[in-house]
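Me: Please present the structure below and take me through its ring contacts, its strands and one of its pockets.

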Amino acid sequence: MSRVVVLGGAESGVGAAVLAKVKGFDVFLSDKGQIKEEYAAELRKWEIPFEQGQHTEEKILNADEIVKSPGIPETAPMIRKIREQGIHLVSEIEFASRFDPARKICVTGSNGKTTTTSLIYFLLQNAGLNVGLGGNIGKSYAYQVATEHFDYYVLEISSFQLDDIYDFRPDIAIITNITPDHLDRYDHKMENYVAAKFKITKNLRSDDCFIFDSDDTITIGHLSQIVLRCKMLPFSQEKEVQQGAFVKDERMVLRYEKEETDIFLKELALGGKHNVYNSMAAALAAKAAGIENEVIRRSLASFQPIEHRLEPVLSIKDVLYINDSKATNIDSAWYALECQTRPVVWIVGGTDKGNDYGILEELVSRKVKAIVCLGVDNSKIHAAFEGKVPAITDALSAQEAVQKASRLASAGDVVLLSPCCASFDLFKNYEDRGEQFKAAVRNL
């Protein structure tokens, strides 16, 4: 019996361990930190031996194969020892895909992944298909492969999840865009990060599809250096394309094979230029999956915003509060600010990832009337915007940030939480930050 060791005891790792157990492997899970009780209970339920608070080399380095959770970097001492021993190490999505015959639509990119993935899932559901949602969103892909049966999967996949794939192959692969992010995991080299994203295309066959933003210079630059033999479906708001999607006369035009259809932009449920890109990518995926035009049109018109991504919370005294906690980089915040039509009180800050706030300067000067810095160290934000907005202040909790923002806002304004930064200085994760923001708004 082959021995599979799983490193990491959260959603991804526990899912991989359960799948290994179901498939008859001798499985063991190890987490250097503490495992949440909900995950420990799942491991006990499946009778999977595990350890927490340590990595015991004797129980790990005797594995035939190791499945690594995406949050563990290559620099971790145990990963280095595994590499030195020559033990085969794979990601959860690589491991799970071996046991999954379903058609897979997989989405990666720096921004718009979650919205695009959720849109595609909504489209396929509305078409009556038997579809699962997973990857970096919802239940782990491996856990669903172990416990459910779907004909289709729509998977949001991060660069970290793509780092350790070998044979994993989507039927439809999407890169929404590529902007600097997570460079600390890639030796601070943009080309390493871009190559990681493009791993989603490495095994595509001639009858598979690759959907991409042809307005994105980084994506197009890398495409010029590689050869893909799959169907290419670009989407653009700047130019007409022969096959794919583009914008013309306030309409989204879809061209797939010999058919052309269009949808008025005003019909789309999601506003903003960035969401036109997301909607085009989702519509092309739906076309490639054989979904009828009317289902696509109806779905794009009725989709509801996802939690923590430009999520309207409440309107209080004609001030609209918006939770965009998932905006953890400059580009996400740029899109969030760009689509606002009312004066903005902007809540920004957290764990900086090497942000260049100069990119936002012109937009902030036009859109933002006040800034509330929500973070432990706000010096870079002050340096970037002091004197460029009428007011800038600091907060050390979501409640304090919301209270200060409410005092700075007037009727007709928007209070926008779009942090530009990771959440780990004050919060568990971006979901925790968003939930605390929403709770503070409701308590005003």
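**Aromatic pairs**

The structure holds twelve aromatic pairs, a pair being two rings of Phe, Tyr or Trp (its six-membered ring) with centres within 6.5 Å; planes under 30 degrees apart count as stacked, over 60 as edge-to-face and the rest as tilted. This is a predicted model, in which local features need pLDDT of at least 70 and side-chain atom pairs pLDDT 80 or more, while totals for chains, interfaces and linings use all residues. Residues are numbered from 1 along each chain as its sequence is written, and side-chain values use heavy atoms, without hydrogens and water.

Me: Which class describes the pair of F25 and F95: stacked, edge-to-face or tilted?
Reply: The ring centres of F25 and F95 are 5.9 Å apart. Their planes meet at 55 degrees, so the pair is tilted.

Me: How many residues apart in sequence are the parts that F25 and F95 tie together?
Reply: F25 belongs to the loop between helix 1 (11–22) and strand 2 (26–31), and F95 to helix 5 (residues 92–97). Helices (H or I, at least four residues) and strands (E, at least two) are DSSP runs, numbered from the N terminus.

Me: What is the angle between the planes of F25 and F99?
Reply: F25 and F99 form an edge-to-face pair, with 6.4 Å from centre to centre. F99 lies in the loop between helix 5 and strand 6, 74 residues from F25, and is partly exposed at 25%. Ring pairs link F25, F95 and F99 into a cluster. The angle between the planes of F25 and F99 is 70 degrees.

Me: Over which ring does the charged end of K139 sit?
Reply: A charge sits over a ring if NZ of Lys or CZ of Arg is within 6 Å of the ring centre and within 35 degrees of the ring normal. K266 meets this with F264, at 5.7 Å from the ring centre. For K139 the distance is 5.1 Å, and the ring is that of Y143.

Me: Are the residues on the two faces of strand 9 buried or exposed?
Reply: In a regular strand the side chains alternate between the two faces of the sheet. In strand 9 (residues 172–175), I172 and I174 are on one side and A173 and I175 on the other. Both faces are covered, and these four residues are all buried.

Me: Which residue of strand 10 is the bridge partner of I175?
Reply: Two strands pair if DSSP finds at least two bridges between them. Strand 9 runs parallel to strand 6 (residues 103–108), with four bridges, and V107 stands opposite I174. Four bridges also join strand 9 to strand 10 (residues 209–213), again parallel. The partner of I175 there is F212.

Me: Which helix gives the most to the lining of the second largest pocket?
Reply: A pocket is an open set of points on a 1 Å grid over the protein atoms alone where a 1.4 Å probe fits, with protein on both sides within 12 Å along at least five of seven lines; lining residues have an atom within 4 Å of a point. The second largest pocket has 27 lining residues, with G271, H274, N275, L310 and C339 nearest its centre. Strand 16 (319–323) supplies at least two residues of this lining. With four residues, the largest contribution comes from helix 11.

Notes:
Buried means under 20% relative accessible area, exposed over 50%, partly exposed in between (1.4 Å probe, protein chains only).
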